[in-house]
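Dear colleague,

I am handing over the structure below, and I would be glad if you could look through it with the notes that follow.

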Amino acid sequence: MAVERIYLDWNATAPLLGAAREAMLDALAMPGNPSSVHAEGRAARAVIEKARRDVAGLVGAEPAHVTFTASATEAANHVLSPFYRMGKSRVAVGRLFVSAIEHPAIRAGGRFPADHVSEIPVMRSGVIDLEALAASLAVHDPADGLPLVAVMLVNNETGIVQPIQDAAAIVKKFGGLLVVDAVQAAGRIPLSISELGADFLILSAHKLGGPKGVGALVSRGETLMPEPLVRGGGQEKGHRAGTENLAAIAGFGAAAREMTADLVERNVMITALRDRAETGLRAAAPDAVIYGDGSKRVGNTSFFHLPGLKAETGQIAFDLEGVALSAGAACSSGKVGASHVLTAMGEDAATGALRLSIGPSTTEAEIDRFVLTFAKIAARRKLAGKAA
Ligand code: PLP
């Protein structure tokens, strides 16, 4: 008999919400191009503008400041650019500063040459070293162009929340721009671009129950904008050319709307489930290490290490028992490399760690099955250790 599967890998991608699926099916049935002026075109345009309002609502932004892209990675490549414009004038951005724990979409540096990218360390707690950020910005020569800083709000591996408001104050002091990757925060913690003090936010639909392959770049204003990455027709007010992916954008909007409603209450429940998992984990293996448990974390993520168990082996063992979770971050090759996040935190990343990440439809029964499976794997590890 096939084992029933449970999905505990929401930070890799979240299951599509029913509301998103419905919105997508409706949009797929629409014939019009959103740029056309006839009724069919206007109907498609209305779907996009509704989605824009819903995505803006998720992050407390103006709808006019939301640019849809094909992914968060594309939004990152758009905004991490040495080329900005204020009206018709070009504004040079001289150097990019990224935290050491950023997702590869940001760490790759966008359109900056590698020698124009500096890394800002994090402390053992997994939190960005703000003094190091200030020190790096202090030695940046503004004559070389504005400094651009990228710090994520929630880390995808550990779930640790970064002190964005403090980082923003430092960036402002040095006249820089702040880009915040809010991919793992959106729908999980209340978000307001202006309260955060960010100049730009990066979002991805598929982490919050929308479809894969659509994201957004959200700006605080419209005065200073990166030059477009994708040029062509004037879609997205010239910021991102190409006929819009109507169905994907509709699904993104529906997911954003659903995740904005009852956000706080929902996340109290999710956090309780994550804490239940961690209590079970500690009881089954008191030597298990939970990374970031002393820091402020988002409520849906647990990143843990079991001495004597290689993360890859652990992931396969869970998978065979019907439990889908991650060994570190999902990467395109499916291979598990040493976590750059753990390395940046000064942890021994060689054997790796496992990540449980959950969402609104996760149940207590699923968490209990995770704990039972974990206990089984931990016991086997001990037996193997004794036999060795
Ligand atoms: N940023 C973070 C923190 C992520 O977790 C991810 C996805 O793994 C991305 C960016 C990239 O998102 P997308 O898949 O939409 O390109």
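In this predicted model, the ligand sits in the second largest pocket, and the residues that surround the ligand there are Ser71, Ala72, Thr73, His103, Met152, Asn156, Asp181, Val183, Gln184, Ser204, His206 and Lys207. Sorted by class, this shell consists of three nonpolar, seven polar and two charged residues.

For Lys207, an N or O atom of the side chain is 2.6 Å from a ligand oxygen; for Ala72, a backbone N or O atom lies 2.9 Å from an oxygen atom of the ligand; and for His103, a polar side-chain atom is found 3.1 Å from a ligand oxygen. On its own the ligand has 390 Å² of accessible area, of which the protein covers 87%.

The largest pocket, with a volume of about 410 Å³, is lined by 24 residues, of which Leu153, Val161, Ile189, Pro190 and Lys296 are the closest to its centre. The elements that contribute two or more residues to this lining are helix H6 (164-173), helix H7 (193-196) and helix H9 (263-284), and H9 gives the most, with five residues. By class, the lining of the largest pocket comprises 13 nonpolar, six polar and five charged residues.

With best regards

Note on methods: Residues numbered from 1 in each chain as written. Predicted model: local features only at pLDDT ≥ 70, side-chain atom pairs only at ≥ 80, totals over all residues. Heavy atoms only, no water. Near = heavy atom within 4 Å. Polar contact = N/O pair within 3.5 Å; in protein donor to acceptor, adjacent residues only side chain to side chain. Areas by Shrake-Rupley, 256 points an atom, 1.4 Å probe, with all protein chains shown as cover. 1 Å grid on protein atoms, 1.4 Å probe; cavity = no way out; pocket = protein on both sides within 12 Å on 5 of 7 lines; lining within 4 Å. Sits in = over half its atoms within 2 Å of the grid points. Nonpolar A, V, L, I, M, F, W, Y, C, P; charged D, E, K, R; others polar. Points joined across faces, edges and corners; volume = space filled by probe spheres on them. Helix = DSSP H or I, 4+ residues; strand = E, 2+ residues; numbered from the N terminus.
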